[in-house]
Amino acid sequence: MSTPPSAESSPPPLDATPAHALGDFIRAHRERLSPQAVGLPPGPRRRTPGLRREEVAQLCGVSPTWYTWIEQGRPVSASADALARIAVALQLSRAERAYLFELAAQRDPAEPDPAAADAPATLLETVQLVNAPAYVLDRQWNALAWNERAADLFVGWLDGTHDRNLLRFTFTEPAARELIVDWETRARRLAAEFRADSIRHLSDAPTRGLIDTLTSTSDAFARFWASQDVGEREGGRREFNHPRDGRVVYDQITFKPAHREDLKLVVLVRE
């Protein structure tokens, strides 16, 4: 780990870059963590929720000044080792830890090197062989391929000539609120999952444009995105109010190709 700057050092200038996003993320999770959760006494007269900056710095074994600069979004150097300590101190989940490292443009030493990319033609063809609703999403969550069962289920998205982006469908199409049971919960979860995905490609113009568009056109997305929640794309029970079949329930399974982790094969099995 690089030696943290001393308190006497001149602070580097503020920089409106991903460093601010990193600081916002760390601060939000510090404020969510109670002293008791890390074995510290609550103490009197706490002016801020959660842990103090000095307490996190102590847990991480870094300078309080350096840690403060990280939260303030100053362009200070943060080694992978220092980030790993912060992740442990803040008790981040696997998805949150991955997001932390992506924000800092560092590779998590606990994770293996990413595999090289290859052509997805076989994956796209596989969708047609699945005897259940199935579709493939790209890094912006556009549907690249889907089968007839998926088109029949996802009315307003995969049928007809609609926009094939899952997020735009969920947050901007009235049909989504009618189709998806407990829309608020599912939509919030989707935003958290996409935050985990998008950080890997945040510099891509399509990804940035999608986030900006959704933030400006959907109050719900803007609210969920501002919450800084992060989640892995998980499977589980999915309920729909289908216009023809009524209430239908599926178990969703999501697969990631070994050589293209930016793509997802989603299959829904009828219960």
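Predicted model: local features only at pLDDT ≥ 70, side-chain atom pairs only at ≥ 80, totals over all residues.
**Notebook: salt bridges**

I began with Arg244, and its relative accessible area of 55% makes it exposed.

Next I looked for the partner of Arg244. Its side chain meets that of Asp245 in a salt bridge, at 3.0 Å from N to O. Is Asp245 buried or partly exposed? I found a relative accessibility of 39%, so Asp245 counts as partly exposed. Arg244, at 55%, is on the exposed side of the cut-off because exposed means over 50%.

Then I turned to Arg168. Which residue does the side chain of Arg168 meet in a salt bridge? I found Asp163, with 2.6 Å from N to O. I checked both ends of this pair for accessibility. Arg168 has a relative accessible area of 27% and is partly exposed. Asp163 comes out at 37%, so I put it down as partly exposed too.

Buried would need a value under 20%.

Which residues are linked with them in a network of salt bridges? I wrote down Arg237 and Glu271, so my network entry reads Arg237, Glu239, Arg247 and Glu271.

Last, I wanted the overall tally. How many salt bridges does the count come to? I noted 16 salt bridges.

Definitions and conventions
Residues numbered from 1 in each chain as written. Heavy atoms only, no water. Salt bridge = Lys/Arg side-chain N within 4 Å of Asp/Glu carboxyl O. Buried < 20%, exposed > 50% of the residue type's maximum accessible area, 1.4 Å probe, protein only.
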